[in-house]
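Colleague: Please show me the model before we go through it. I would like to take the answers one at a time.

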Amino acid sequence: MRALVRPAQYVALAGYIVFLGFPLLWLISASVKSSAELNSLTVSLLPGQWQWDNYAQALARQGLVHSAWNSVLVALASTVLVVLIAMPAAYVLARLKGAIRVAGVGWILVSQVFPVILIILPLFLILRTMNLTDSLVGLTLVHTTYTLPFALWMLQGYVAGIPTELEEAGSMDGASRLSVLRRIVFPLLAPGIVATAMFSFVSSWNEFFFALVLLQSPENYTLPITLTSFIGGEGKVALGPLAAGSFLAAIPSIVFFSIMQRKLTGGLMAGAVKG
């Protein structure tokens, strides 16, 4: 019976990987199919005729590459801001007691209650007063503000998992509070920082509603907004080029995940050694 446990685990893992990767495989398949094949009732994973022209049409769309660059800038900038703000705030939230912690937890919970549709109008008025409505800077600030509460909640959980005895030992050895944070807490917090960065980047990269409301100029469009141009005025969708553009839009996030996954593994090993 035990001899069947390991093969069963591998089979279950393979099935789970196929389940997660199937939407991406279907997207790749749709990106190289013709419009006639996509609109037909016959369903097949492999295309009957490879239509590589879909990628040429997707790249030829006005502003697709430029909007992808805008998305990269906004996502990276908001990720950096979220991590820089969340690290000290998460430490305070996890370590201090009393009114500060209660206020912080209350702010996080309240911020998650309100739907986006209720805050978009006052947010738009505030940004218009600051002349940041049609601006990547304004969109970056909005993404940072919207992502920060949940990222802070994630990161404070990692901080709470670090034993306070390690900090006390460092203080007893003569290290200052800043030195304890830099040499003990932050190395052990590396996996949490990487996970927070991954969440912040993907949230900003995929965000559509704020960009739709705040951005008016085509040169400031992010990638999700530009992809809507594949939908015609009469509701006709260019499925092939849309699938090709969507796959191209997924590549930066996949690359970012690959890079950060290595950092996450390294952070886990460094944390184990430090602990």
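This is a predicted model: local features need pLDDT of at least 70, side-chain atom pairs count only at pLDDT 80 or more; totals for chains, interfaces and linings use all residues.

Modeller: Residues are numbered from 1 along each chain as its sequence is written, and side-chain values use heavy atoms, with hydrogens and water left out.

Colleague: Which element of the chain has the lowest mean pLDDT?

Modeller: pLDDT is the predictor's confidence in each residue, from 0 to 100. The chain has a mean of 81, with 92% of its residues at 70 or more. Among its elements, α11 has the highest mean, 90, and the lowest, 69, belongs to α13.

Colleague: How many helices and strands are in the chain?

Modeller: Both are DSSP runs numbered from the N terminus, a helix being H or I with at least four residues and a strand being E with at least two. From the N terminus on, the elements run α-α-α-α-α-α-α-α-α-α-α-α-α. The count is 13 helices and zero strands.

Colleague: What percentage of the residues of the chain count as buried?

Modeller: Buried means under 20% relative accessible area, exposed over 50%, and partly exposed in between, with a 1.4 Å probe and protein chains only. The C-alpha trace spans about 70 × 70 × 30 Å along its principal axes. Of the 275 residues, the buried share is 37%.

Colleague: How many aromatic pairs does a search of the whole structure find?

Modeller: Rings of Phe, Tyr and Trp (its six-membered ring) pair if their centres lie within 6.5 Å; planes under 30 degrees apart count as stacked, over 60 as edge-to-face and the rest as tilted. With that rule, the search of the whole structure finds eight.

Colleague: Why is the pair of Tyr-55 and Phe-247 edge-to-face?

Modeller: The ring centres of Tyr-55 and Phe-247 are 6.5 Å apart. The pair links distant parts of the chain, 192 residues apart, with Tyr-55 in helix α3 (residues 53-60) and Phe-247 in helix α13 (residues 239-274). Tyr-55 is buried at 16% relative accessibility, and Phe-247 is buried at 17%. The pair is edge-to-face because its planes stand at 85 degrees.

Colleague: Is Phe-210, the partner of Tyr-146 in an aromatic pair, buried or exposed?

Modeller: Tyr-146 and Phe-210 pair edge-to-face, at 5.3 Å centre to centre and 70 degrees between the planes. Tyr-146 lies in helix α7 (residues 136-160) and Phe-210 in helix α11 (residues 209-214), so the pair ties together parts 64 residues apart in sequence. Tyr-146 is partly exposed at 42%. Phe-210 has a relative accessibility of 2%, so it counts as buried.

Colleague: Which residue lies over the face of Trp-26?

Modeller: A charge sits over a ring if NZ of Lys or CZ of Arg is within 6 Å of the ring centre and within 35 degrees of the ring normal. Here the distance from the ring centre is 4.9 Å, and the residue is Lys-33.

Colleague: What volume lies in the largest cavity?

Modeller: On a 1 Å grid over the protein atoms alone, a cavity is a set of points where a 1.4 Å probe fits but cannot get out; lining residues have an atom within 4 Å of a point. Grid points are joined across faces, edges and corners, and a volume is the space filled by probe spheres set on the points. The lining of the largest cavity includes Ser-71, His-143 and Trp-205. Its volume is about 40 Å³.

Colleague: What is the phi of Asn-131?

Modeller: Asn-131 is in the loop between α6 (116-129) and α7. Asn-131 is exposed, with a relative accessible area of 67%. Although Asn-131 is not a glycine, its phi is positive, about 60 degrees.

Methods:
On a 1 Å grid over the protein atoms alone, a cavity is a set of points where a 1.4 Å probe fits but cannot get out, and a pocket is an open set with protein on both sides within 12 Å along at least five of seven lines; lining residues have an atom within 4 Å of a point.
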